[in-house]
Structures are given as C-alpha cells and as structure tokens.
Amino acid sequence: MFGSLVDAPANSPHLRRSGSRAVVSDIGTVELGGSPVEALLHNIEVNEMKGVTTPLSTAAIMPSPVLLWRFKVLLFLIWGVSCCKISWDSVMRMSANLRDLFLYEAFLYYNPLLLMTMMVWFWGINLWVFAQANVNYAKIFDIDQNHLSHREIWKCATWMTMIVPTSMTAYLYLYSHGEVSLAASQPVLLYAAFAMALIFPFDIFYLSSRYFFLRTVWRIVFPFQAISFADFFLADIFTSMSKVFSDLERSVCRMVHRQVATIAWFEADSVCGSHAVAIPIVLVLPYLFRLFQCLRQYKDTREKTTLLNALKYSTAVPVIFLSALKYHVFPDNWVNIYRPLWLLSGVVNSLYSFYWDLTRDWDLSCFTRIFKFSRPNALSYLLYGRKWVYFWVIGTNLILRCTWTYKLSSHLRHNYLTVFAITALEIFRRFQWAFFRVENEWNKMNSKQNIQLSTIDKPNDEQKLLDPNGYSV
C-alpha cells in the first residue's frame with residue numbers, strides 16, 4: 001500500500017554515505033567496520049528518518065587541546081600587554097617628583113606576593129623533576145597520596161601570576177586618576193583574598209594540602225614535638241624568604257594604620273617607616289625558628305652535629321641586628337665600630353652556610369642522580385652525570401650566599417630594585433638546593449631500607465647449623 005514503510009536491505013545505499021563501506025546491519029545498529037565519524041553521521045541520519053533528534057557528543061564539538069592551548073596563550077599575551085600598557089600610562093601621568101616615591105610604595109605591597117608566586121612556580125618544577133626521577137617525595141615529606149601534583153601547583157601559580165599584576169595595575173590606574181580611596185583598597189583586598197584562600201575551612205581549594213601546610217607552619221613556630229623532614233625543609237625555605245616576610249609585615253602595618261596611598265609612611269621614624277624596630281625582628285624570626293628546631297633535635301637525638309647546625313643559624317643574628325644599629329647610633333660609631341663588625345659577621349655567616357650545604361645538606365658522591373629520569377628527556381641528558389652541574393651549583397651557591405647578606409641588612413633596603421633582584425636570586429638558589437637536599441634524603445632512606453633488608457635476609461648461626469646447604473627446610 002502507498003504510504004507504508006518498506007524494509008531496506010542491510011547494504012542499501014540509501015542508509016550509508018556515498019563511497020563508504022556498509023556499516024548498517026539493522027536500523028540503528030552500527031557494525032565495527034565503520035569509522036567513528038561515519039557511525040556518528042549514520043546515527044544522525046537514521047534518527048532523522050525516525051523523527052528523533054540526537055545531540056552531538058561532547059568529544060565531537062570540543063576543540064583540540066592544541067587549539068585550546070594556543071587560545072589560552074593568546075589571551076595571556078593580550079592580558080600581559082594590556083597590564084603593561086595601562087601601568088605605563090598611569091605612571092607617566094604622575095609628576096616626576098612623586099613618581100619614585102609612589103613606585104616604591106606600590107612595589108612594597110606587591111613584590112612579596114610576586115616573589116611568593118615565583119617560589120610556587122619553582123616548587124612545581126621541583127615536583128615535576130621528582131616525579132620524572134621516580135623519587136617518592138610523598139614518602140619523604142610524609143604526606144598522603146592526595147597531595148598536590150606539579151600540575152596543580154602550576155595551576156595555582158598561574159592564577160597567582162594573573163591576580164597579583166592585575167591588582168597592581170588597578171592600583172596604579174586608580175591612583176593616577178585621582179581615585180585614592182579605591183586605589184588604597186586594592187592591596188587590602190588582595191591580601192585579604194590570599195589570607196582567606198589559605199585559611200578557608202571548607203573542603204574546597206585543596207583543603208588537605210592547605211591543612212598540611214598550616215600544620216607544618218605551626219610545628220615550625222612551636223617545635224614542641226619531634227622535628228620531621230617537612231618541618232625543617234619548609235623552615236629552611238622560610239629563611240630564604242625572610243625579606244618577603246619583612247615586607248609583608250610593613251605592608252600589613254600600613255594597612256592597619258591606614259597609610260596605604262598616603263605620604264604618612266615617608267617619615268623613616270614612623271611606626272611603619274624604614275627605621276622601625278619590627279623590621280630586624282621579622283627578618284631574624286625564620287632563623288630563630290630553625291635554631292630552636294636544631295636544639296629540639298639535639299634534645300631528641302643527642303647528636304652534636306645538630307648543635308653545629310644551630311650555630312650556623314645563630315650567625316645570621318649579628319648580621320641583622322648590627323645592620324639595624326645604623327639608624328640608632330652616631331655615624332662615627334657606625335663607620336668605625338659597627339660596620340666592620342657587620343661585614344665580618346656577614347662573611348662568617350656566608351662561608352659557614354656554604355660549607356654546611358656542601359658537607360651536610362648535599363651528598364656530592366651521588367650528585368645529579370636526581371636528574372636520572374625514567375624516560376628519555378632532553379633535560380635529563382643535559383644535567384645527569386655532567387661535571388659542569390657541579391661547578392655551576394657550587395659556584396652559584398657560594399656567590400648567592402654572599403650576596404644574601406645584602407638582603408639581611410635593613411640599612412641597604414632603600415635600593416628596593418637591587419634587593420628585589422637579590423631576593424629573587426636567593427629563591428632561585430633555594431630552588432636549586434631543594435633538588436639535592438631531597439636527593440640526599442632519598443638516598444639515606446634507600447640505604448636504611450637496604451640495610452634492614454640485608455639484616456632480615458642474612459641467616460643467623462642457628463639457621464646455618466640447621467640448614468648447612470642453604471636450602472629452605
């Protein structure tokens with residue numbers, strides 16, 4: 001009858017695209033011989049014949065990862081150029097006599113967060129190398145298997161890289177256009193957002209990792225328990241960021257006293273000025289925390305090397321406080337007495353720390369083994385077993401240990417660009433140090449396991465008498 005459906009054979013050309021193989025054995029059934037694209041088009045055609053609408057699958061409409069990556073890079077470049085252009089135009093709007101002072105203030109608020117962002121990027125690289133070299137850093141730091149990977153660390157660093165310069169650009173733009181109150185709110189909101197993201201108690205934004213970090217910081221400040229590797233590893237990183245903490249303290253001080261985007265802090269003797277007593281106190285705190293950790297280790301282990309390590313951290317105290325004395329003594333006394341003592345203490349601290357890195361923190365007998373990756377890699381080929389890595393790391397460690405004294409000296413901090421560069425280089429030195437410190441700890445753990453296994457496998461005298469041939473009985 002007219003209008004009735006006629007059964008089509010399985011190989012009917014009306015049910016497949018021209019030039020393709022037969023892919024239909026029944027209405028709506030696809031054989032394995034067709035490609036996924038042909039199968040998708042066939043299902044759409046068949047469903048249209050049946051009057052059914054089929055949405056495209058997610059895989060079919062999603063762009064390729066390469067295209068997404070290029071689009072993200074393009075957006076990042078547009079954002080970077082826009083921030084640079086707006087910041088430059090904003091600075092050029094100011095008068096020449098206020099420009100340097102204003103930039104110094106803006107730099108104070110944002111350089112600590114920029115350096116923290118740099119540290120997070122470097123830590124992601126550390127974790128990536130550990131993963132490539134099959135170093136079980138989760139076991140070394142005693143963390144669970146839900147810890148952040150290098151990809152998640154880099155994701156956090158990416159957001160920090162975008163948020164901090166954006167806030168700084170807004171600060172410069174608003175201040176240069178006369179919106180002083182709105183400009184003053186920018187660093188305040190940024191610091192509050194970072195603090196909330198760190199202490200937010202709900203199960204979002206990597207709660208377990210944030211809890212582990214905060215718990216470790218608590219153990220560093222109050223070393224009432226046995227010191228773990230994660231405790232003194234993070235405490236050592238804090239010593240490299242003492243200048244960052246000092247700038248954070250001064251920034252928060254100005255926010256609390258409502259001195260942001262004002263000239264009240266220009267007076268050096270003010271509560272938040274460059275002569276404040278809080279500056280050397282905050283600078284010395286990370287070294288005191290590490291000193292107390294060494295004393296706690298000596299109490300637990302009775303190893304004399306921990307006392308020598310404590311002595312190393314105590315050598316930073318004279319460097320910091322002798323430098324701060326410049327603003328509180330007569331100029332003649334500073335030149336004739338205190339400055340020579342400051343230089344001497346700086347040399348002692350730098351050389352002692354350099355010696356300890358080479359002889360205690362690192363194991364030069366297995367140097368660069370951390371760069372032996374499980375899969376072929378250009379970086380592994382460049383670094384693993386190369387002698388130039390020895391000379392580079394040892395040489396840069398000595399040079400940056402000496403220049404680090406510059407950062408600890410509060411009477412030199414008015415050269416803020418120089419101090420920023422030296423602080424960034426110190427963070428880079430600590431980034432290098434982390435590879436070989438973790439490598440040394442990983443080798444110690446493996447050697448202990450091998451000794452324990454050899455002790456278990458070695459038969460005692462009674463077993464040898466019962467089984468002289470060495471067979472299981």
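Buried, in this talk, means under 20% relative accessible area, exposed means over 50%, and partly exposed lies in between, with a 1.4 Å probe and protein chains only. By that scale Tyr175, at 25% relative accessibility, counts as partly exposed, whereas Phe102, at 4%, counts as buried.

Colleagues, a word on the source. This is a predicted model, in which local features need pLDDT of at least 70 and side-chain atom pairs count only at pLDDT 80 or more, while totals for chains, interfaces and linings use all residues. Residues are numbered from 1 along each chain as its sequence is written, and side-chain values use heavy atoms, with hydrogens and water left out.

I begin with the aromatic rings. Rings of Phe, Tyr and Trp (for Trp, the six-membered ring) pair if their centres lie within 6.5 Å; planes under 30 degrees apart count as stacked, over 60 as edge-to-face, and the rest as tilted. A search of the whole structure finds 32 such pairs. In one of them, the ring centres of Phe102 and Tyr175 are 4.3 Å apart and the planes are at 25 degrees, so the pair is stacked. Phe102 belongs to helix H4 (residues 96-132) and Tyr175 to helix H6 (residues 150-176), so the pair ties together parts 73 residues apart in sequence. Helices here are DSSP runs (H or I, at least four residues), numbered from the N terminus.

Phe107 and Phe420 have ring centres 5.0 Å apart and planes at 70 degrees, so this pair is edge-to-face. Phe107 lies in H4 and Phe420 in helix H17 (residues 416-457), so parts 313 residues apart in sequence are tied together. Phe107 is buried at 15% relative accessibility; Phe420, at 24%, is partly exposed.

Is Asp236 buried or exposed? Its relative accessible area is 4%, so Asp236 is buried. Leaving aside neighbours within four places in sequence, Asp236 is in contact (heavy atoms within 4.5 Å) with Arg290, Tyr313, Arg430 and Trp433. Arg430 in turn lies over the face of Trp433, 4.4 Å from the ring centre; the criterion is NZ of Lys or CZ of Arg within 6 Å of the ring centre and within 35 degrees of the ring normal.

The charged end of Arg360 likewise sits over the ring of Trp356, at 5.5 Å from its centre.

Conventions
Helix = DSSP H or I, 4+ residues; strand = E, 2+ residues; numbered from the N terminus.
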